[in-house]
Structure formats: C-alpha cells, structure tokens
Amino acid sequence: MRYAAIISYFGAAYVGWQRQLNGLSVQEALEKAMSKAFGTDISVTASGRTDAGVHALAQVVHFDADTSIPTDKIPFAVNSYLPGDISMLFCEPVPDDFNARFAAKRKTYCYRLYLSRHRRPLLEATHEHIAVPLDLGAMRAAADVIEGEHDFKCFEATGSVIKNTVRTVYGIDISVSPIDSVSGVLKANADAEKDWSDIGKIFGCTVDISVTGNGFLYNMVRIIAGTLVYVGMGKLSAKDIKRTISSGDRTLAGKTLPAKGLCLISVKYD
C-alpha cells in the first residue's frame, strides 16, 4: 500500500533532505527509523530537496509498505525511532500512482529575518540577523516585480545543472511582527531609539518573506530574500530588479542568505 506523510524537521544537523556521502541527511534518518518501525527496508520519496541547514514545517513524502500498523498509529511508531529534530506529523493511504514529487503543484517557502541592533540568541537558529532598518514599501514593490512567470536564471546559484530556468512565482508575502521589548533599568526597548515608521522603515521586528511557486531553482528563495533585503537597504530598486530578471545576470541580484533562515512551509497538490 502507498502512503503519504507530512514530515517536520529542524535541518541544522543535516546535509539536506537527500542522502549524501558527506554526512547524515534527513532522508537517511527517516528511512532508517521507518525501516525499524516496519521491520523491513523502506524507501521514501519527498516533494523535493531541501539544502543543508534548511528546515521544514511540512515536507510531504510518499512510501510503500505492507504493515498491520493502523494508519493513525504510523506516526507514533516511526517517531519512536526518530531523533528529536525530525517528526512525522501525519500519515494517510493514497492511490498507488501518487507521487509526492511529480504531483506537487505549488510549494511555499518562508525566509525569516530579524531586525535588531544586536544579536538575539533565541532567534539566531532560525532567522538571519539584519542590523539596519529596511524600507518595507520598497521591498513589497520589488516583490511585485518578481511575481509571475520569468526566466529566473538571475536567482540561481552556481553549480546547478538544470537547463530550463523558467518558473512561476504565484506570490510573495512580506509580513512583520514586533520583537518582544527588552525591559529593564537601562531602556524600555533596546531597539526603539527612534520611530522608524515615521520615515517609512521597519526595525525591532521579525520579517517573514513567504514565496509560493510551481518550483524553485538552486538557492532561488535564499537569493530572492537577499535581493529584497538589498532593496530594503536602498542598494537596489524595483527598477533594478526588472533589469536583473531580463538580463539573467546573477551578479546584479542580492547575496544568497544563509540556509538557517529558510523553511519549507507547505506543498499543495491541487
């Protein structure tokens, strides 16, 4: 019988989703745990790869197994063999021709930042630290330019062997939440020396850049996020982004942000 499952993981300790010779992957850890739970070798196919250090809220996988374990108990059985940074959240039977990779219609990734003068240790593991204010309006205007079907070669890292670099970005959402204020005798809020909103900028907050598309190139979302940060800093403009996309020149886009801030949020099949 074929099953689909939702897997969540914190990717810092892994070389990525796919099995690698240079270290432990999420796929290897999951397949070992599932093989123990089912008493036979299990092979798992995911909706797509995530790179080293990237996290997943809801990675979708499929696998085949003949088991007497009730479907709703499979996550409990598998999780008993998994490390604490990987968990199966849900499992259900699916048609035999279901393929987690090839049936996927759209994926959403979120890149997370925090804007603060100093490092915030409780955010460091899952957010990239930006120490200057950003222009949110300019970032959203640039995001509008990126949306749509384009040749996204300019947002692809070197080393990829994919020939077709045309993808569709259905939407980019940039949301902001304030960081908890720091109370004490020295200052009510360590980042609130001025009201940045008065000059159209944001600071002392977290920023989630959510990108939904039909597929992504190597490091594409991390480069999009880095480019939008450059726009927020005033280093690039929406007009520059149009020129970058039309030229296909990677050197005109922003830097590739670290893997720790990226998380696969969802995969949709309809």
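Predicted model: local features only at pLDDT ≥ 70, side-chain atom pairs only at ≥ 80, totals over all residues.
A search of the whole structure finds six aromatic pairs. One of these is formed by Phe 98 and Tyr 269, whose ring centres are 5.2 Å apart. The planes of the two rings stand at 55°, and the pair is therefore tilted, since angles over 60 degrees would be needed for an edge-to-face pair and angles under 30 degrees for a stacked one. Phe 98 belongs to the loop between strand 4 (86–93) and strand 5 (106–115), and Tyr 269 to the segment after strand 10 (262–268), so the pair ties together parts that are 171 residues apart in sequence. Phe 98 has a relative accessibility of 15% and counts as buried, whereas Tyr 269, at 23%, counts as partly exposed. Elsewhere, Tyr 3, Phe 38 and Phe 63 form one aromatic cluster.

Charged side chains are also found over tyrosine rings. The charged end of Arg 106 sits over the ring of Tyr 170, at 4.0 Å from the ring centre. Lys 235 lies over the face of Tyr 230, and here the distance to the ring centre is 4.7 Å.

Helix 4 (residues 136–146) packs with helix 5 (residues 220–233); their axes come within 8 Å and cross at roughly 140°. This angle makes helix 4 oblique to helix 5, because only angles over 145 degrees count as roughly antiparallel. The crossing of the two helices is right-handed. On the side of helix 4, the contact is made by Ala 138, Met 139, Ala 142, Ala 143 and Ile 146. Helix 5 contributes Ile 224, Leu 228, Val 229, Val 231 and Gly 232.

Terms used: Residues numbered from 1 in each chain as written. Heavy atoms only, no water. Phe/Tyr/Trp six-rings, centres within 6.5 Å; stacked < 30°, edge-to-face > 60°. Helix = DSSP H or I, 4+ residues; strand = E, 2+ residues; numbered from the N terminus. Buried < 20%, exposed > 50% of the residue type's maximum accessible area, 1.4 Å probe, protein only. Lys NZ or Arg CZ within 6 Å of the ring centre and 35° of its normal. Axes fitted to C-alpha atoms, helices over the stretch in contact; angles between N-to-C directions. Parallel < 35°, antiparallel > 145°, perpendicular 65-115°, else oblique. Left-handed = near helix turned anticlockwise from the far one by under 90°. Contact = heavy atoms within 4.5 Å.
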